[in-house]
Amino acid sequence: MMDQQYYLTDDQRAVRDLVREIARERIAPLAAHVDETGEYPHEQLKLLGQQGVMGLHIPEEYGGAAAGMLAFCLAAEEIAWACAATSTLFLVQNLGGYPIMLAGNEEQKRRFLPRLASGEITAAFSLSEAGSGSDAAAMQCAAVRKGDRYVVNGSKMWVTNGSHAGVTTVLVTTDRSKRGKGVTALLVEPGTPGFTVGKHEKKLGIHGSPTVALHFTDCEIPVENRLGEDGEGFRIAMKTLEHSRPTIGAQAVGIAQAALDAAIGYAKERRAFDQPIAAFQGIQFMLADMATAVHASRLVVHHVAGLMDRHAPSTALEASMAKCLASDTAMKVTTDAVQIFGGYGYTREFPVERFMRDAKITQIYEGTNQIQRLVIAQQLVGKL
Ligand code: COS
């Protein structure tokens, strides 16, 4: 049978097939347990590391596979199909590590990228605070330069994997009055005096992916841990998010595909009025709309990933479109899957309620879909 994804290279197909096998055989069977217990998926990530998947996006000279963005998105979709929590941690390996690839000097790249590529350490990215989410430039967590160090005071919030990361890109302000132009990016390692992990959030979904607060009390970070120059942090953060948003789209497509697959399977099994419910046009139309939306979302994700692999100068528009469309699709498709399962769908006997809970975050993190629409509109009409 012809592969419908004819536009993929042999290498990209090989990545997709390898990750699909690991995801379906080794990660999916553990997903309900991860959801029930909130256990960190150590073994799942180790397995991905052993197969070279944690370093897919990292250049070869730093130990990665240099497979590109489309390959990364294919992998993300497969992992998300199996376990959204594990896929979030996979995505954060890119979100937290990309600033080093983008703005790191040679020494910083050599220090961190090979360990990220092998999966020896994981990464995190810390931008948001209690009072600044969408308005990221309003951050308060501050750094003051003292000789060859920055002294950091304040707190960050909503940090995925902040409790486990071997390196976290932390955005701090060195001059609040300058908003974005006063933001600086620092690499923070665990065990640094004055740096502690705070509250673990109890969340609706992605239970195995820890979300924590980070606290800094007279925490001294050496200047050699600064990415780029003073005041370049906001641009680094925005570029990083632009690069990462398609991967959220890929995660959303994976969750939506899992819900669609489950709904098709159930509709063919479940009988009512002496027929499988899949024989009813009401269900058929739902399945058709779900499949069409998943297909369209996947293509939009693949398109922007392809643009990035071709080094398109600006992809902010397409990145936000992919994230927004795919995550809205995931929410709709998972909700419809629960509907098709009826009362059973509302119980933990079946996975669709988990898919629905996991899908919700994709509309919120890495910029709410309201922010994505703002970015899209700004590209259309300019900043008014
Ligand atoms: N690439 C490079 N630079 C970018 C950029 C991008 N994709 N997007 C914005 N910038 C630059 C702008 O060009 C501008 O630079 P100059 O000041 O030199 O002109 C600077 O960043 C500030 O941009 P802007 O004026 O648009 O900033 P705003 O404060 O208005 O905020 C939004 C812009 C709302 C888009 C931004 O704050 C945002 O993305 N918020 C959501 C944050 C988010 O996603 N949080 C999730 C946390 S990670 S889980």
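Predicted model: local features only at pLDDT ≥ 70, side-chain atom pairs only at ≥ 80, totals over all residues.
Residues are numbered from 1 along each chain as its sequence is written. Local features need pLDDT of at least 70 and side-chain atom pairs pLDDT 80 or more, while totals for chains, interfaces and linings use all residues, and side-chain values use heavy atoms, without hydrogens and water.

Two packed helices are described by the angle between their axes and the distance between the axes. Axes are lines fitted to C-alpha atoms over the stretch in contact, with angles from 0 to 180 degrees between N-to-C directions; helices are DSSP runs (H or I, at least four residues) numbered from the N terminus.

| Helix pair | Angle | Axis distance |
|---|---|---|
| α1 (residues 10–37) and α2 (residues 42–50) | roughly 165 degrees | within 10 Å |
| α8 (residues 316–341) and α9 (residues 352–362) | about 160 degrees | 8 Å |

The angle makes α1 roughly antiparallel to α2 (over 145 degrees). Helix α1 passes α2 in a left-handed crossing, meaning that the near helix is turned anticlockwise from the far one by less than a right angle. I22, R26, I27, L30 and V34 of α1 meet Q44, L47 and L48 of α2 in contact (heavy atoms within 4.5 Å). These residues comprise six nonpolar, one polar and one charged.

Helices α8 and α9 are likewise roughly antiparallel to each other, and α8 passes α9 in a left-handed crossing. On α8, the contact is made by K323, S327, A330, M331, T334, T335, A337, V338 and F341; on α9, by V352, E353, F355, M356, A359, K360 and T362. Nine residues of this contact are nonpolar, four polar and three charged.

Note on methods: Helix = DSSP H or I, 4+ residues; strand = E, 2+ residues; numbered from the N terminus. Parallel < 35°, antiparallel > 145°, perpendicular 65-115°, else oblique. Nonpolar A, V, L, I, M, F, W, Y, C, P; charged D, E, K, R; others polar.
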